[in-house]
Amino acid sequence: MAVCFPDTQGDAPRIAIHLSRVGVTGVKKLLRLERGEKRPIILIPTFDAFVDLPSNQKGIHMSRSPEAISEVVDEVVSNSTIGVESICANIVKRMLEKHEYAARVEVNMTSDFMFTRESPVTNKESQEMAKLIANAVGIRDENGEITIRKSIGAEVVGMTVCPCAQESVREADRVKLLEFLDEETCAKVLDTVTFASHNQRGVGTILIEVPEHQNVEGEKIIEIIESSMSSPVCGLLKRPDENATVMNAHKNPVFVEDCVRNMVEKIIEEYSDLPDDTLITFRQVNHESIHRHNAFAEKVSTLGSLKEELNWEE
């Protein structure tokens with residue numbers, strides 16, 4: 001005779017308070033995603049999964065959340081062209097089925113993402129790493145109707161050069177040069193040389209909603225973030241590559257604010273066909289080299305609002 005274990009999660013709690021998020025964090029899985037003629041993407045993502053808990057219920061059925069993650073990931077084996085944001089959305093749907101008392105479900109995913117890069121001069125190939133981000137949120141209304149919103153994004157490391165410090169160095173050198181050069185010759189020298197500045201390791205992030213039946217590639221987001229800073233970075237650089245990276249970066253100095261604004265412009269150019277209510281988060285953190293603090297900038301807005309701010313015309 002099978003033992004019938006009690007369902008203590010369904011008991012009434014001593015303190016009747018609704019909880020916003022209850023769930024599991026740090027669930028790791030292995031994913032292989034096919035990309036047509038491109039090489040497949042191998043990921044080891046980490047999932048966090050949460051549901052809200054009604055005030056009249058003691059606890060959630062905790063095992064159902066990792067169970068939903070495992071079921072959906074196993075199904076990806078037979079449908080491996082799916083995007084990571086859709087995987088999160090499918091987990092949300094499965095969790096809403098399993099947690100019938102939940103009105104809100106949230107699934108977040110992060111994973112290291114490997115891509116290759118050639119150094120700028122010697123064309124040495126190296127493996128580079130970015131962080132792939134995806135999430136989905138499902139809301140069940142009073143009538144049982146379900147709305148799901150999903151997003152994909154990336155976090156990428158790059159290099160930034162401070163424009164303010166560079167202008168200070170340029171002005172100090174101009175004053176010194178004028179001690180033995182005339183104005184015209186001095187101007188030619190200033191236009192020829194590249195001036196020093198302090199650098200930062202920048203970390204750029206974009207998270208963009210993906211409407212049903214539309215596609216946003218994580219690789220394209222990585223490209224946009226990198227190109228919004230002074231320079232990409234590379235794990236393998238010979239001396240000519242180091243020189244080219246430093247020189248190119250100092251020819252393209254940007255503030256932390258510039259990075260975010262560059263990302264906004266490039267996203268609008270690339271994804272102007274997305275709906276106006278598409279929510280996008282842009283974030284840049286620059287790890288300062290001459291300060292103990294970091295510099296931060298962020299923009300959270302819908303695509304339609306961004307277009308209005310920039311007076312964007314299709």
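**Entry: Asn311**

I looked up the exposure of Asn311 and found it exposed, at 64% relative accessibility. I keep the cut-offs here: buried is under 20% relative accessible area, exposed is over 50%, and partly exposed is in between (1.4 Å probe, protein chains only). Asn311 sits in the segment after helix H8 (303-309). Its phi is near 50°, a positive value in a residue other than glycine. I noted for reference that most residues other than glycine have a negative phi.

**Entry: the model**

I wrote down that this is a predicted model, in which local features need pLDDT of at least 70 and side-chain atom pairs count only at pLDDT 80 or more, while totals for chains, interfaces and linings use all residues. Residues are numbered from 1 along each chain as its sequence is written, and side-chain values use heavy atoms, with hydrogens and water left out.

**Entry: Asn123**

I found a positive phi at Asn123 too, near 60°. Asn123 is in the loop between strand E5 (104-118) and strand E6 (125-140). Helices (H or I, at least four residues) and strands (E, at least two) are DSSP runs, numbered from the N terminus. Asn123 counts as partly exposed because its relative accessibility is 47%.

**Entry: helix H5**

I checked which residues of H5 are buried, and they are Gly218, Ile221, Ile222, Ile224, Ile225 and Glu226. Their cover includes E5, E6, strand E7 (146-161), E8, E9 and helix H7 (256-270).

I then turned to Ser231, which lies in strand E9 (residues 231-232). Ser231 counts as buried because its relative accessibility is 6%. With neighbours within four places in sequence left aside, Ser231 is in contact with Gly158, Met159, Thr245 and Ala249. Contact means heavy atoms within 4.5 Å.

**Entry: surface patches**

I noted a negative surface patch formed by Glu217, Glu265, Glu269, Glu270 and Asp273. Patch residues have over 30% relative accessible area and no salt bridge; like charges are joined within 9 Å, and nonpolar side chains (Val, Leu, Ile, Met, Phe, Trp, Tyr) within 5 Å. A salt bridge is a side-chain nitrogen of Lys or Arg within 4 Å of a carboxyl oxygen of Asp or Glu. Glu217 is in the loop between strand E8 (199-209) and helix H5 (218-227). Glu217 has a relative accessible area of 35%, so Glu217 is partly exposed.

I also found a nonpolar surface patch of about 270 Å², made by Ile15, Ile17 and Leu19. Ile15 lies in the segment before strand E1 (19-28). At 49% relative accessibility, Ile15 is partly exposed.

Methods: Accessible areas come from the Shrake-Rupley method with a 1.4 Å probe; for residues, only the protein chains shown count as cover. Lys and Arg count as positive and Asp and Glu as negative; His and the chain ends are not counted. The place of a charge is taken as NZ of Lys, CZ of Arg, CG of Asp or CD of Glu.
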